[in-house]
Amino acid sequence: MKVGVIGASGFVGGELLRLLVTHPKVEVSMVTSRQKAGEYVHRIHPSLKSFINLTFSDLDLDKLTDSCDIVFVSVPHGKSNKIVDELYKRGIKIIDLSADFRLKNPEDYVKWYGWEHPFPDMLSKSVYGVPEFHREEIKNAQLVACPGCMAVTSLLALKPLIENDVLDTDHIIVDSKIGSSGAGGQAGSATHHAMRYGVIRPYKPAKHRHTGEIEQELNLLGNKKIHVSMTPHAVNMVRGILTTNHAFLKKKLSELELWKLYRNAYGNEIFVRLIRDKNGIYKFPDPKFVIASNFCDVGFDLDEDNNRIVAMSASDNLMKGAAGSAIQNLNVMAGFDEMTGLRFTPVTPV
């Protein structure tokens, strides 16, 4: 397949290209960047030198349509929708890495992003790009909207508990810790080294926009309104997410019963690993051991005194949280083995 990447000069675009240039089933035909047009890709992403000899080009939808079977759109939130709408009309398959088509209710864009969606009719045409939730729909989709990084990490920890209806769904707390690459490649006053190093910094402690995705997808699983309270923290690492999800069980369940729920949910899922080692050093999911991979590690601990389950999950925000999910979705859409282009172990130590 011939693929194009729109907006490939940032962290996510670079990670996407890293995966695409070694994917055995695709050829990268066109790479665009408004700011870097005319520049060799490897000058912006030095790690790709000798892997790709293309230059960034300006966005030309006619050339893109003529040269690509599928297009990845990796531009900022709010900038993707017009591009996607035009590509959709041209019949091109699209994998969008922005938030512009993740939510199904147009009113949610006003609530979570502060703007009215210009193409509300398109929201019903997109599929939320988590194969562990929507694999069959993704197979036949023309437009797939990749999930938010903290959203997908939390969702995979909570999915078995919601679909088996064992939680008090009015009180679910999502606590996320994320590395600096989650802020994107554009520098800001809070992101340069002197201000970013050594921090555990809460930001948007209430009403973070990924809450909308989490509630939407859990509502579909549980067939009822589910309330989630989410707080993210920026922490002192470059890549990785650790999500600690606190929830309360509706009835007493043993550790073994909970393990059965998780094993039944993920026994056949190649990118979800169940982690809980009572004897090892690393007893629970840890982002250090998923870096540069598409794995999401999931585990839990049980607080019997308070009937509370602590469901933990770890992922690489640039991989399962962005580019890795995009490649997994590509594989599902094209009928490839889902591990194609993603068949490697995490990098350690980092």
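Leaving aside neighbours within four places in sequence, G299 is in contact (heavy atoms within 4.5 Å) with I275, P285, V310, A311 and M312. The model is a predicted one, in which local features need pLDDT of at least 70, side-chain atom pairs count only at pLDDT 80 or more, and totals for chains, interfaces and linings use all residues. Residues are numbered from 1 along each chain as its sequence is written, and side-chain values use heavy atoms, with hydrogens and water left out.

G299 sits in strand β12 (residues 296-303); strands (E, at least two residues) and helices (H or I, at least four) are DSSP runs numbered from the N terminus. With 2% relative accessibility, G299 counts as buried, a term for under 20% relative accessible area with a 1.4 Å probe, protein chains only.

Now to helix α9 (residues 210-222). Its 13 residues should span 18 Å at 1.5 Å a residue, and its end C-alpha atoms, 18 Å apart, agree with this; the expected span is 1.5 Å times one less than the number of residues. Because 10 of the 13 residues are buried, α9 is largely enclosed by the rest of the structure. Among the elements covering those buried residues are α5 (106-113), α7 (149-163) and β9 (228-235). After α9 comes N223, whose phi is positive, near 55 degrees.

Key
Buried < 20%, exposed > 50% of the residue type's maximum accessible area, 1.4 Å probe, protein only.
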